[in-house]
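User: Please take a close look at one helix pair in this model. I would like one connected account of the packing and of the residues that make it.

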Amino acid sequence: MTNLLVVIFGVIPVTVLGLLATVPVLGGFAGLFEQPARSAMFLVWGLGGWIGAKSMFRAAFGNFSEFTPTGLVIGIMATSPLAYFAITANGLKAGLWIGYWTIGPIVVAGSLLIRHFLLEEV
């Protein structure tokens, strides 16, 4: 049952977020010479989303490496601005819809980190 919840609330939304992270990466590359600071910020944000998505896949299926916990934290940081928008969105229906795609993966990543460090499977 736990693995099913990880897939529903972690892997599926992270797959969509990982695909959507392509937009800031491409936008960051496109404007890197016109507005370097803003473009670099979007580039790093998108790369953080990709790293977080890859780490979520590895952690969800039990393949923890040395970099997986760091990648999960990077993914949490990359998703946090979107989760803030979900929490402060006007209207409960819109907030819940965006919350599934953003807050769910943050909770799943945090629980995978806690479970990994408490069980200490080395």
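Is the crossing of α3 and α4 left-handed or right-handed?

Analyst: The model is predicted, so local features need pLDDT of at least 70 and side-chain atom pairs count only at pLDDT 80 or more, while totals for chains, interfaces and linings use all residues. Residues are numbered from 1 along each chain as its sequence is written, and side-chain values use heavy atoms, with hydrogens and water left out.

α3 and α4 cross in the left-handed sense (the near helix is turned anticlockwise from the far one by less than a right angle; clockwise would be right-handed). Helices here are DSSP runs of H or I with at least four residues, numbered from the N terminus. Helix α3 covers residues 36–60 and helix α4 residues 68–88; their axes come within 7 Å and cross at roughly 130°. The axes are lines fitted to C-alpha atoms over the stretch in contact, and angles run from 0 to 180 degrees between N-to-C directions. The angle makes α3 oblique to α4, a class left over once angles under 35 degrees (roughly parallel), over 145 (roughly antiparallel) and 65 to 115 (roughly perpendicular) are taken out.

On the α3 side, the contact (heavy atoms within 4.5 Å) is made by Trp45, Gly48, Gly49, Ile51, Gly52, Ser55, Met56, Arg58 and Ala59. On the α4 side, Thr68, Gly71, Leu72, Ile74, Gly75, Ala78, Pro81 and Leu82 take part. These residues divide into nine nonpolar, seven polar and one charged; Gly is counted among the polar ones.

Met56 is buried at a relative accessible area of 2%, where buried means under 20%, exposed over 50% and partly exposed in between, with a 1.4 Å probe and protein chains only. Beyond its neighbours within four places in sequence, Met56 is in contact with Gly10, Val14, Leu72, Pro105, Val108, Ala109 and Leu112. Its C-alpha atom is separated by 7.9 Å from that of Thr68, twelve residues apart along the chain.

Met56 also belongs to the largest nonpolar core, which has twelve residues, including Val14, Ala59, Leu72 and Ala109. Such a core is a set of buried Ala, Val, Leu, Ile, Met, Phe, Trp, Tyr and Cys residues joined through side-chain atoms within 4.5 Å. α1 (2–20), α3 and α5 (92–119) each supply at least two of its residues.

Arg58, also in α3, counts as partly exposed at 32% relative accessibility. Not counting residues up to four places away in sequence, Arg58 touches Asn63, Phe64, Ser65 and Thr68.
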